[in-house]
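Work through the exercises below with the sequence and the 3D structure at hand. Try each task before reading its solution.

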Amino acid sequence: MTTDSKTQIPCREGLWSTPSSPDEKPQLIGSKCPNCGEVFFPVNPVCVNCQNQKMDEIKLSRRGKVWSFTTIMLPLPQWYQGPVPFDLARVELPEGVRIWTRLLGAEAGTFKMGQEVELDIDLMQKDAEGNEIIGFCFVPVEK
């Protein structure tokens, strides 16, 4: 008897931490320049601001605010096979970095500028073998 076990595969390795216990939640992984303090996501090996070549890897805050967004109404190329419409946004984290991300957890087009959102990991699509390709997104903070 064979078991049909499909795995979850990150859309790109190293974008977020994998929790080691049920109490932990994933965090995006960025880099911070020890020289000038500039923060980057994803990890950047060189500081674009001061060209320092030694960067510190950091875990970024799980919460941020919607800085800008647009609603995508048409299907995209093959890298995204999820539902349409959906919102694509820039979310600003407390560290000062703005991240391109999908907004999920509310009807497309209903997010507000400045709205507080929180990191989540979600299914983006399935590959030919049925494995789940997962990626990060942000969802509204429950009040």
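**Exercise 1. A salt bridge and its place in the chain**

Which kind of contact do the side chains of Arg63 and Glu116 form?

Solution. The model is a predicted one, in which local features need pLDDT of at least 70 and side-chain atom pairs count only at pLDDT 80 or more, while totals for chains, interfaces and linings use all residues. Residues are numbered from 1 along each chain as its sequence is written, and side-chain values use heavy atoms, with hydrogens and water left out.

Step 1. Recall the term: a salt bridge is a side-chain nitrogen of Lys or Arg within 4 Å of a carboxyl oxygen of Asp or Glu.

Step 2. Between Arg63 and Glu116 the N to O distance is 3.5 Å, and the two side chains meet in a salt bridge.

Step 3. Locate both residues. Strands and helices are DSSP runs (E, at least two residues, for strands; H or I, at least four, for helices), numbered from the N terminus.

Step 4. Check the accessibility. A residue is buried under 20% relative accessible area, exposed over 50% and partly exposed in between, with a 1.4 Å probe and protein chains only. Arg63 has 36% and is partly exposed; Glu116, at 29%, is partly exposed as well.

Step 5. Look for further partners. Arg62, Arg63, Glu116 and Glu118 are linked in a network of salt bridges.

**Exercise 2. The aromatic rings**

Find the aromatic pairs and say which rings make up the cluster.

Solution. Step 1. Rings of Phe, Tyr and Trp (its six-membered ring) pair if their centres lie within 6.5 Å; planes under 30 degrees apart count as stacked, over 60 as edge-to-face and the rest as tilted.

Step 1. The structure holds two aromatic pairs. Trp16 and Phe136 are edge-to-face, at 6.5 Å centre to centre and 70° between the planes. Trp16 is in the loop between β1 (8–10) and β2 (29–32), and Phe136 is in strand β9 (residues 132–140), so the pair ties together parts 120 residues apart in sequence. Both Trp16 and Phe136 are buried.

Step 2. Phe41 and Phe136 are also an edge-to-face pair, with 5.5 Å between the centres and 85° between the planes. Phe41 lies in the loop between β3 (39–40) and β4 (56–59), so its pairing with Phe136 in β9 joins parts that are 95 residues apart in sequence. Phe41 is buried.

**Exercise 3. Strand pairing**

In what order do the strands of the open sheet of three lie?

Solution. Step 1. Two strands pair if DSSP finds at least two bridges between them.

Step 1. The order is β3-β2-β4, with antiparallel pairing. β3 and β4 are the edge strands, each pairing on one side only.

Step 2. Four bridges join β2 and β4, and Ile29 stands opposite Lys59 in β4.

Step 3. Turn to β5 and strand β6 (residues 86–92), which pair antiparallel over seven bridges. Phe69 is opposite Ala89 in β6.

Step 4. β6 and β7 run antiparallel and are joined by six bridges. Leu88 has Arg102 in β7 as its bridge partner. The hairpin of β6 and β7 has five residues between the strands, and Gly96 there takes a positive phi near 95°.

**Exercise 4. The cysteines**

Solution. Step 1. A disulfide is a pair of cysteine sulfur atoms within 2.5 Å.

Step 1. The sulfur of Cys36 has that of Cys47 as its closest cysteine sulfur, but at 3.5 Å this is too far for a bond.

Step 2. The search of the whole structure finds zero disulfides. Cys36 is partly exposed at 35%, whereas Cys47 is buried at 1%.
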